[in-house]
Amino acid sequence: MKVYSIMKTILITLFTVLAFCGLSQEKFTISGHIKDASNGEELIGATVRVKNTSNGVATNVYGFYSITLEKGNYELIYSFIGFADQSISIELNQSIKKDIELGSAAQTLEAIEVSADRKDENVNSTEMSTVDVNIETIKKIPALMGEVDIIRAIQLLPGVQTAGEGSTGFFVRGGGADQNLILLDEATVFNASHLLGFFSVFNQDAIKDAKLYKGGIPARYGGRLSSVLDVRMKDGNAKRLSLSGGIGLISSRLTIEAPIVKDKGSFILSGRRTYADLFLKLSKNEDLRNSQLYFYDFNGKANYNINENNKLYLSGYFGRDILSLAGEFLMGWGNTTLTARWNHLFNDKLFSNLTLISSDFDYKLGVPEGVDAFEWNSSIKNYSLKNDYTYYANTSNTLRFGLQSTFLDFNPADFKPLDNNASFNPLKLPKKFALEHGIYASNEQRFGANLTIDYGLRFSVFQNLGKDTVYNFDQNFDTIPGNSFTAYQKGIYKTSTGLEPRLSVKYSLTDQSSIKASYNRMYQYLHLANNSTSGTPIDIWFPSGQNIAPRWSDQVALGYFRNFLNDKIESSVEVFYKTTENAIDFKDNAQLIFNRLLEGEVRIGEAKAYGAEFFVRKRTGKFTGWISYTLSKTQRRIEQINNNEWYNSNYDKPHNLSIVATYEINKYWNLGATFVYTSGIPLTAPTGKFNYQGQTVPIYSDRNGARIPSYNRADFSVTHDPKKNENRKWKSSWNLSVYNLYNQKNPFSITFNADENTGETTATKTYLFAIIPTITYNFKF
């Protein structure tokens, strides 16, 4: 009852504020949607400004805007980067609905932008520690094996660390990979990797927008400690049939878009597949000829306008990876998501979105034939219902509130032999179930022309469900004799809660500079057991419960933002400090696979991360790009690990430098280049040895007390459009990308081995990639 009492109090307070903010005299509202005139796609983050005033508003993720003004005459300016501004004059004496379609500006060299926000958005918005990822921009930078990748692009930004050579795993401000909430059309993606981490699940042709939150995370998001990557799929061309795709050396993709009813509904279907496995058939080695390694995925989405107040969306993703080694070992894994949404306008100020979500990540591996044949299945599923509201009270207040409820189904392992004469028995770890709820409210409030504050509160609830078996451990993490477990029947047997305040403040110093600060508390109720930092599919997710408390973190950040040369150059400096309570790690030599007592392998403590991020980017002209540098430290102190002393986390990289540049020679040729330098990842290395009863025993450093050598790499690309003409129906281009331009042999891992004859310990470096050139043909009709 206490949970629902708190929820009731939050809602009553919220609606009291709503009622207060709604009081006005002789004020009217202009509202509508802003779309791309060429295809009907709703534009996210397009702006509506009232000329000669500081009043303005940006569209939400569905292209909707609402602005309330006093009775009078106004000139409104509608704008979006890469599109021609549109101005309209209105006499406002009643509320008006006004949908706008913006036409593309002439795509001269001066129109190339890194992100899709207005020129001064980085200075004037309350958002900090936030990055918009524009798909058209990342298409211009070099791509590994020809596949343009959102996650690989955000790894080039400050505060984001890569998991390793070629990997799409990422770590944000000292957080683990499991602390990133990755959303595709609001559905959780539990594992965003293809081909063991070398590609991500995001197909460039199906994605409209992506946004990464590293700090100052809005109250509408919850469930993870470190970051939110919110990816939105295209809606589909509502004007005409459109085809696009690409043909590369190891993969190809094809996308079709078309109206269901012109300007009323549309759909998009997009698929891709790698086919490197087809080249294995040419090998003289029989084992290679019988092996497979490929992935395929499929995106689909449809939308339909019922009327001006109601719109429906249905979107989904299905992807699968297949690995077969000479037919003797099989592995398959993939994600499936499904999202159904209903947009509803109660009136010109209140926007609602009701969403039903299903998300599933599963993997299986095994040996298909022989006396040792087996199959192992594992999965995590969730089913969610969420309802979000935005209330555009007036030009000074925009309120957002909503709730979400999620059912979670954990299947850690189901192992069974396939041969009747097998020498081992079936093993099935018990499934676990849980409910996770969240309710939130926030308000973005302007105090005059210079000060804006976005404040909010989220209340989260996590409930463990039976049937379940919970093992009881003593202070040494051994099961208690005579009381080794507790069996729970159906129903809720444990409830955990958390209050999560959020705050962002922006104070404008001048038209081109501002100071921003943010604070957020985040709770996370899910945990991940994985021995690898790369994109391996063997992920074991498990919930908080009787033995493992929820993790929670506090993060503060302070930043200075400054634009130069009429907003052509942006710059920012941010410092952050983050602490995590109930941080987890696993004991030395932990057994993570097929372990009923997995919770006994967990050790609990605290973590901290702090650093400074520097960012400069040039937005316009022939030459565009950015430089980012992060100086940071990430440490943990965990009970019974490293003598209870602080140690570097597995992904602590103090120095991280990225340089990205594009240069358009003329309308036919474009060059792109990137350079990356990072500190080496920590490792635990032998520092000596001693002889005990004739056996050589190594002495190791503190946990993660050493580092592998630093990492550096340069990439280069050339894009050629042989017949560039904006009026041509068939458009095509060739892209040549060279990964690891100067053939740097960066260490992927280092192993230590003792010579059997001399006893000398030697270190062996393994690297993955030498220089990799790739050519891709892209087309659009």
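This is a predicted model: local features need pLDDT of at least 70, side-chain atom pairs count only at pLDDT 80 or more; totals for chains, interfaces and linings use all residues.
Start with the whole chain. The protein has 781 residues, and for that number a compact globule would have a radius of gyration near 28 Å. The protein comes to 27 Å, so its value agrees with that of a compact globule. The C-alpha trace spans about 95 × 65 × 50 Å along its principal axes.

Next, the secondary structure. There are six helices and 49 strands in the protein. Contacts can be sorted by how far apart the partners sit in the sequence. Take the contacts with a separation of 6 or more: 65% of them join residues 24 or more positions apart.

Now the surface and the interior. Of the 781 residues, 54% are buried, meaning under 20% relative accessible area. The protein exposes about 33,600 Å². Carbon and sulfur atoms supply 56% of that area. As for charge, the side chains include 83 positive and 78 negative ones. The centres of these two sets lie 4 Å apart.

Two regions show how strands are put together here. Strands of a sheet pair through backbone hydrogen bonds, either parallel or antiparallel.

Look at strand β29, residues 451-471. Is β29 mostly covered or mostly open? It is mostly covered, with 16 of its 21 residues buried. Strand β28 (residues 432-447) pairs with β29 in the antiparallel sense, over 15 bridges. Within this pairing, Q445 stands opposite I453 of β29. The two strands form a hairpin, with three residues between them. In the turn, G448 has a positive phi of about 75 degrees.

β29 also pairs with strand β30, which covers residues 485-510. This pairing is antiparallel too and runs over 20 bridges. To find it in the structure, locate Y455: its bridge partner in β30 is L503.

Turn now to an open sheet of five strands. Its order is β9-β16-β17-β12-β13, and the pairing is mixed. Which strands stand at the edges? They are β9 (130-133) and β13 (187-188). Each has a single partner strand, so one side of each is left without a neighbour in the sheet.

β9 pairs with strand β16 (residues 207-213) in the antiparallel sense, over four bridges. Here V133 stands opposite A210 in β16. In a regular strand, side chains alternate between the two faces of the sheet.

Definitions and conventions. Residues are numbered from 1 along each chain as its sequence is written. Side-chain values use heavy atoms; hydrogens and water are left out. The radius of gyration is taken over C-alpha atoms; the globule rule is 2.2 Å times the number of residues to the power 0.38. Buried means under 20% relative accessible area, exposed over 50%, partly exposed in between (1.4 Å probe, protein chains only). Contact means heavy atoms within 4.5 Å. Accessible areas come from the Shrake-Rupley method with a 1.4 Å probe; for residues, only the protein chains shown count as cover. Lys and Arg count as positive and Asp and Glu as negative; His and the chain ends are not counted. The place of a charge is taken as NZ of Lys, CZ of Arg, CG of Asp or CD of Glu. Two strands pair if DSSP finds at least two bridges between them.
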